[in-house]
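This report goes through the two chains in turn, from selected elements to overall dimensions. The sequence and the coordinates are shown first.

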Amino acid sequence: MSEAIIQVNHLGKEFGSHSVLRDIDFSVYPQDVTSIIGPSGSGKSTLLRCINMLEIPSTGAILYHGTDITDRRVKVEAYRAKVGMVFQNFNLFNNKTVLGNCMAGQTRVLKKSREEAHRKAIFYLEKVGMAEYINAKPRQLSGGQKQRVAIARALAMEPEVLLFDEPTSALDPQMVGEVLQVMRQLVKEGLTMIIVTHEMAFARDVSKHVIFMTDGVIEEQGTPQTIFENPASDRTREFLGRFRNA
Amino acid sequence: MTSSIPADFFGRILYLLERYGMSFLRGAGVTMAIALVGTLIGCVIGFAVGVVQTIPVSKRDRLPRRILLKTVKVILSAYVEIFRGTPMMVQAMFIYYGSQTLFKINMSMWFAAYFIVSINTGAYMAETVRGGILSIDPGQTEGAKAIGMTHFQTMTSVILPQALRNIMPQIGNNLIINIKDTCVLSIIGTVELFFAAKGVAGTFYTYFEAFTIAMVIYFIMTFTCSRILRWAEHRMDGPDNYDLANLDTLTQTSGMYPFKKRRTGDE
Ligand SMILES: Nc1ncnc2c1ncn2[C@@H]1O[C@H](COP(=O)(O)OP(=O)(O)O)[C@@H](O)[C@H]1O
Ligand SMILES: [Mg+2]
């Protein structure tokens with residue numbers, strides 16, 4: 001197996017005296033799709049935010065191609081340009097058009113020319129089916145459209161890994177499909193992704209690796225077959241059972 | 001000479017306008033110039049101070065940087081509190097005469113006038129800008145950080161444009177307050193509209209008439225400015241609807257694009 005892109009080593013996170021993550025350990029290899037599932041409040045978002053350094057881990061290390069990015073000397077901006085993130089609430093720039101959202105990072109962070117940034121922005125907007133909307137402002141779009149633009153904005157940075165934090169949880173049911181379809185396409189193209197999701201069928205279909213979290217720890221991790229068909233832990237079984245009945 | 005002054009109110013107003021119209025206009029011009037320049041420089045000061053005061057301090061930062069930032073923030077808050085907490089008229093006396101006695105700086109009256117209004121507006125704007133920045137959804141900052149923007153890039157391309165739009169009403173408010181409040185500068189001898197009106201009023205003892213004219217001119221200036229700013233706000237919002245772009249003209253590229261494994265050289 002090739003070298004891991006991201007290795008999370010004994011990661012811990014505390015907010016004051018409240019311990020939210022304990023001893024988190026896992027690796028992400030090129031072209032892997034890793035899904036993180038678990039009840040709400042179990043620390044999934046915090047873990048993803050730590051991986052993107054939006055939260056600073058309290059203990060442990062996050063290695064990116066072997067370099068510990070929690071080290072103060074590492075330029076966290078350069079790292080974030082390589083490891084993008086898609087949020088539950090989209091977080092599109094409200095002052096910019098769809099096109100502006102997809103160009104800003106390219107011109108300001110990657111220092112690309114406007115022509116190239118424009119071309120790339122259109123390319124990725126086409127991929128998510130939003131190229132027609134380049135002149136629209138975020139407030140003029142539906143939730144599903146916003147999330148697709150947010151994905152295009154992240155893709156336009158041509159990241160090595162893309163993190164998704166419940167990308168469909170803020171969407172009306174009829175819009176979930178359009179976003180999942182875009183994500184399935186990205187899986188097919190071999191993008192490395194870490195996805196926090198409550199879409200169990202989707203996670204089972206696309207994942208190479210599934211991580212089940214409870215109360216700030218990894219209760220169980222393995223292949224989708226193991227986690228979904230034959231989980232070792234009762235808590236995993238109980239959690240998944242709730243979805244079957246739903 | 002006084003005998004030539006008409007006896008009725010409108011007659012007197014016309015008489016004053018005819019003979020002293022130019023002094024009123026010159027006074028109004030001075031008032032507008034000081035108010036506009038003062039508001040503009042005040043906004044620049046306000047943005048600079050507001051931005052520095054909202055720089056986040058993180059545990060990752062080195063100690064000297066944290067100490068420097070803390071010191072600068074304390075000094076800036078002192079500036080804001082002092083200039084917001086004292087009357088501009090007293091500041092005018094204090095700065096204009098104080099600079100002469102204390103530091104032997106011979107400030108020109110004009111420099112003092114622009115300086116006082118700018119620094120005073122700056123103190124108010126700093127708080128407005130700080131509030132404007134804090135009121136922007138933290139998700140906007142996270143969205144920017146997540147694509148690798150630095151704090152400075154996040155501010156200039158995402159946060160400040162939105163904060164500026166949100167505080168436009170307060171900027172307008174400040175301009176209007178400045179148009180009115182420049183009259184306190186008459187205390188250091190700035191011949192703005194109030195000073196001009198007082199001069200004209202004293203000559204013929206026509207206080208009511210002279211200040212009627214001043215009232216009308218002040219109102220025209222403030223009302224015009226508030227309308228222009230309202231229009232500017234509307235322009236900043238952009239169009240209410242958007243045109244769908246024609247896909248054929250956008251690009252010829254389409255279809256599958258494999259994510260190649262890129263080697264990263266900078267880590
Ligand atoms: N900024 C914060 N300060 C304090 N506690 C937090 C903060 N963010 C998250 N938490 C706590 O961390 C725990 C895990 O939250 P989160 O990572 O959002 O869980 P999940 O995404 O799995 O629902 C929760 O108990 C939450 O209250
Ligand atoms: Mg969450």
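In which sense do strand β1 (residues 6–15) of chain A and strand β4 (residues 59–64) of chain A pair, and over how many bridges? The pairing of β1(A) with β4(A) is antiparallel and runs over five bridges. The model is predicted, and the values given here were computed from it.

**Chain A**

Within this pair of strands, Ile6(A) has Tyr64(A) of β4(A) opposite it. Both strands belong to an open sheet of four strands in chain A, ordered β2-β1-β4-β5 with antiparallel pairing. The edges of the sheet are β2 (18–28) and β5 (67–68) of chain A; each has a single partner strand, so one side of each has no neighbour in the sheet. In total, chain A contains nine helices and ten strands.

The buried residues in α1(A) are Lys44(A), Thr46(A), Leu47(A), Leu48(A), Arg49(A), Cys50(A) and Ile51(A). Following α1(A) comes Met53(A), which has a positive phi near 60 degrees.

For the 246 residues of chain A, a compact globule would have a radius of gyration near 18 Å, and the value of 18 Å for chain A agrees with this. Its C-alpha atoms fill a box of roughly 50 × 45 × 40 Å along the principal axes.

**Chain B**

Chain B has nine helices and zero strands. Its radius of gyration is 26 Å, whereas a compact globule of 267 residues would have one near 18 Å. The C-alpha trace of chain B spans about 95 × 55 × 25 Å along its principal axes.

Thr154(B) is located in helix α6 (residues 151–181) of chain B. Is Thr154(B) buried or exposed? Its relative accessibility is 3%, so Thr154(B) counts as buried. Beyond its neighbours within four places in sequence, Thr154(B) makes contact with Thr141(B), Ala144(B), Met149(B) and Ile159(B). The C-alpha atoms of Thr154(B) and Asp8(B) lie 63 Å apart, with a sequence separation of 146 residues.

Gly238(B) is part of the loop between α8 (207–237) and α9 (247–250) of chain B. With a relative accessibility of 26%, Gly238(B) counts as partly exposed. From Gly238(B) to Ile159(B) the C-alpha distance is 17 Å, and the two are 79 residues apart along the chain.

**Chain totals**

| Chain and quantity | Value |
|---|---|
| Chain A, buried residues | 61% of 246 residues |
| Chain B, buried residues | 45% of 267 residues |
| Chain A, accessible surface | about 9500 Å², 45% from carbon and sulfur atoms |
| Chain B, accessible surface | about 15000 Å², 67% from carbon and sulfur atoms |
| Chain A, contacts between residues at least 6 apart in sequence | 65% join residues at least 24 apart |
| Chain B, contacts between residues at least 6 apart in sequence | 76% join residues at least 24 apart |

As for charge, chain A carries 30 positive and 28 negative side chains, with 7 Å between the centres of the two sets. In chain B there are 24 positive and 17 negative side chains, and the centres of the two sets are 10 Å apart.

Key: Residues numbered from 1 in each chain as written. Chains lettered and ligands numbered in written order. Predicted model: local features only at pLDDT ≥ 70, side-chain atom pairs only at ≥ 80, totals over all residues. Heavy atoms only, no water. Helix = DSSP H or I, 4+ residues; strand = E, 2+ residues; numbered from the N terminus. Rg over C-alpha atoms; globule rule 2.2 N^0.38 Å. Buried < 20%, exposed > 50% of the residue type's maximum accessible area, 1.4 Å probe, protein only. Contact = heavy atoms within 4.5 Å. Areas by Shrake-Rupley, 256 points an atom, 1.4 Å probe, with all protein chains shown as cover. Lys, Arg positive; Asp, Glu negative; His and termini not counted. Charge placed at Lys NZ, Arg CZ, Asp CG, Glu CD. Pairing = 2+ DSSP bridges.
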